[in-house]
Amino acid sequence: MTPKDHASISRLMESYFDGLHHADSAMLSSVFHPHLAYVCATEGDELYLDLDTYLARVDKREPPAKRGEAREEAVLEIAFGSDRMARVTARMRMMGRDYLDFLTLIREGAEWRIVGKVFTYISRKD
């Protein structure tokens, strides 16, 4: 894909990480597709949510930023399957856990959105 597509997804990921760190559901709704599939694949904590249910949970959590948590996140890979489909692999630490996200993105017009978030985590023993 083009450098513009890569830059667009990189900006989307900045908003994604900001939204998670600040527990900002409005910011997160700007990066997620309205038909988001949110799946936790951690054994014993499997979870399948739609966008509205997920954002309601975000609204109830204390933001990591408010607790003074340092940001630790990285985009490990951006892969394009076509001019309308991409995958992002990301890692982050927050709320006492190390997360690994597999994000599936689609482009509608000029906008990329996350349509699928499948993730797992391990609890930290800090």
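Leaving aside its neighbours within four places in sequence, which residues is Ile-122 in contact with? In this predicted model, the contacts of Ile-122 are Gly-96, Arg-97 and Asp-98. Ile-122 belongs to strand S6. Its relative accessible area is 56%, so Ile-122 counts as exposed. Arg-93 lies 29 residues away from Ile-122 along the chain. The C-alpha atoms of these two residues are separated by 9.8 Å.

Strands of a sheet pair through backbone hydrogen bonds, in either a parallel or an antiparallel sense. Strand S5 (residues 97–108) and strand S6 (residues 111–123) are antiparallel, with 12 bridges between them. Within this region, Asp-101 stands opposite Phe-119 in S6.

Leu-51, Tyr-54, Leu-55 and Val-58 are buried in H3. These residues cover an arc of only 95° around the axis, which places them on the same side of H3. Asp-52 and Lys-60 are exposed on the other side of the helix. The packing partners of the buried residues of H3 are H1, H2, S1, S2 and S6.

Aromatic side chains were examined next. The structure holds eight aromatic pairs. One of them joins Phe-80 and Trp-112 in an edge-to-face arrangement. The ring centres are 5.9 Å apart, with 65° between the planes. This pair links distant parts of the chain, with Phe-80 in strand S3 and Trp-112 in strand S6, 32 residues apart. The two partners can be set side by side in terms of accessibility. Phe-80 is partly exposed, at a relative accessible area of 26%. Trp-112 is buried, at 2% relative accessibility. A further pair consists of Tyr-99 and Tyr-121, with ring centres 5.7 Å apart. Their planes stand at 50°, so this pair is tilted. Tyr-99 lies in strand S5 and Tyr-121 in strand S6, so the pair ties together parts that are 22 residues apart in sequence. Both Tyr-99 and Tyr-121 are buried.

Tyr-99 and Tyr-121 also belong to an aromatic cluster. The charged end of Arg-97 sits over the ring of Tyr-121, at 3.8 Å from its centre. Arg-97 is also one of the residues in contact with Ile-122. The charged end of Lys-117 sits over the ring of Phe-119, at 5.3 Å from its centre.

Two residues other than glycine have a positive phi. Phi of Ala-23 is near 50°. Ala-23 is placed in the loop between helix H1 (3–22) and helix H2 (25–31). Its relative accessible area is 12%, so Ala-23 is buried. Met-95 has a phi of about 55°. Met-95 lies in the loop between strand S4 (85–94) and S5. A relative accessible area of 27% makes Met-95 partly exposed.

Helix H1 also contains His-21. His-21 has a relative accessibility of 10% and therefore counts as buried. Which residues does His-21 touch, not counting residues up to four places away in sequence? The list is Pro-63, Pro-64, Ala-65, Glu-69, Ala-70 and Arg-71.

Key. Residues numbered from 1 in each chain as written. Predicted model: local features only at pLDDT ≥ 70, side-chain atom pairs only at ≥ 80, totals over all residues. Heavy atoms only, no water. Pairing = 2+ DSSP bridges. Helix = DSSP H or I, 4+ residues; strand = E, 2+ residues; numbered from the N terminus. Buried < 20%, exposed > 50% of the residue type's maximum accessible area, 1.4 Å probe, protein only. Contact = heavy atoms within 4.5 Å. Phe/Tyr/Trp six-rings, centres within 6.5 Å; stacked < 30°, edge-to-face > 60°. Lys NZ or Arg CZ within 6 Å of the ring centre and 35° of its normal. Arc of directions from axis to C-beta.
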